[in-house]
Amino acid sequence: MAAAAVNMARQLGTVLGPSVLGTIVTSRFPRNLHDRLVEAGIPSPQADRIVEGASHGGGATGVPAALARVVGTAVPRAFTDAVHLGNVIGGVVLIVMAVPAALFVRHKVHSPRTSAEA
């Protein structure tokens with residue numbers, strides 16, 4: 001039963017970990033991009049259209065050349081910020097789970113048998 005419980009926990013972590021972190025990245029990316037575009041001086045309605053296109057895999061077609069440079073630098077930075085947030089959350093979860101494991105899971109040290117005990 002213990003092996004089955006360990007296997008289930010491992011499978012659950014394998015499935016949930018990447019999907020939760022992926023959800024964090026895909027939900028944070030549009031917000032980061034919108035904020036970066038507005039900071040660069042792009043009006044909010046136009047930034048919304050650009051974010052909508054970038055969120056759905058659209059290219060930079062139809063964007064004026066002056067904005068293409070701003071969008072070209074804002075998109076990778078917004079994505080990188082979203083990935084960093086996902087990594088920080090994953091690291092915090094790792095630390096939170098490692099502390100109880102270190103405190104409550106003990107490895108018993110077995111002393112070697114002497115010839116008199118055998």
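Of the 118 residues in the chain, buried residues make up 14%. The model is predicted. Its secondary structure consists of three helices and zero strands, in the order α-α-α along the sequence. The chain is more spread out than a compact globule, because its radius of gyration is 24 Å, well over the 13 Å that the globule rule gives for 118 residues.

**Overall dimensions and surface**

- The C-alpha trace spans about 90 × 25 × 20 Å along the principal axes of the chain.
- The accessible surface of the chain is about 8900 Å², and carbon and sulfur atoms account for 66% of that surface.
- The chain carries 10 positive and 6 negative side chains. The centres of these two sets are 9 Å apart.

- Helix α1 covers residues 2-39, helix α2 covers 44-55 and helix α3 covers 65-104.
- Contacts between residues at least 6 apart in sequence include a 67% share that joins residues at least 24 apart.

**The largest nonpolar core**

- The largest nonpolar core of the chain holds 13 residues.
- Phe29, Leu33, Leu37, Ile42 and Ile50 are the residues with the most contacts inside this core.
- The elements α1, α2 and α3 each give two or more residues to the core.
- Helix α3 supplies the largest share of the core, with five residues.
- Leaving aside residues up to four places away in sequence, Ile50 touches Leu37, Ile42 and Val71.

**His34, a residue of helix α1**

- His34 is located in helix α1.
- The relative accessibility of His34 is 19%, so His34 counts as buried; the cut-off for buried is under 20%.
- When residues up to four places away in sequence are not counted, the contacts of His34 are Ser44, Ala47, Asp48 and Val51.

**Gly41, between two helices**

- Gly41 sits in the loop between α1 and α2.
- Gly41 counts as exposed because its relative accessibility is 59%, and the cut-off for exposed is over 50%.
- From C-alpha to C-alpha, Gly41 and Arg31 are 16 Å apart in space. In sequence, Gly41 and Arg31 are 10 residues apart.

Notes
Residues are numbered from 1 along each chain as its sequence is written. This is a predicted model: local features need pLDDT of at least 70, side-chain atom pairs count only at pLDDT 80 or more; totals for chains, interfaces and linings use all residues. Side-chain values use heavy atoms; hydrogens and water are left out. Helices (H or I, at least four residues) and strands (E, at least two) are DSSP runs, numbered from the N terminus. The radius of gyration is taken over C-alpha atoms; the globule rule is 2.2 Å times the number of residues to the power 0.38. Buried means under 20% relative accessible area, exposed over 50%, partly exposed in between (1.4 Å probe, protein chains only). Contact means heavy atoms within 4.5 Å. Accessible areas come from the Shrake-Rupley method with a 1.4 Å probe; for residues, only the protein chains shown count as cover. Lys and Arg count as positive and Asp and Glu as negative; His and the chain ends are not counted. The place of a charge is taken as NZ of Lys, CZ of Arg, CG of Asp or CD of Glu. A nonpolar core is a set of buried Ala, Val, Leu, Ile, Met, Phe, Trp, Tyr and Cys residues joined through side-chain atoms within 4.5 Å.
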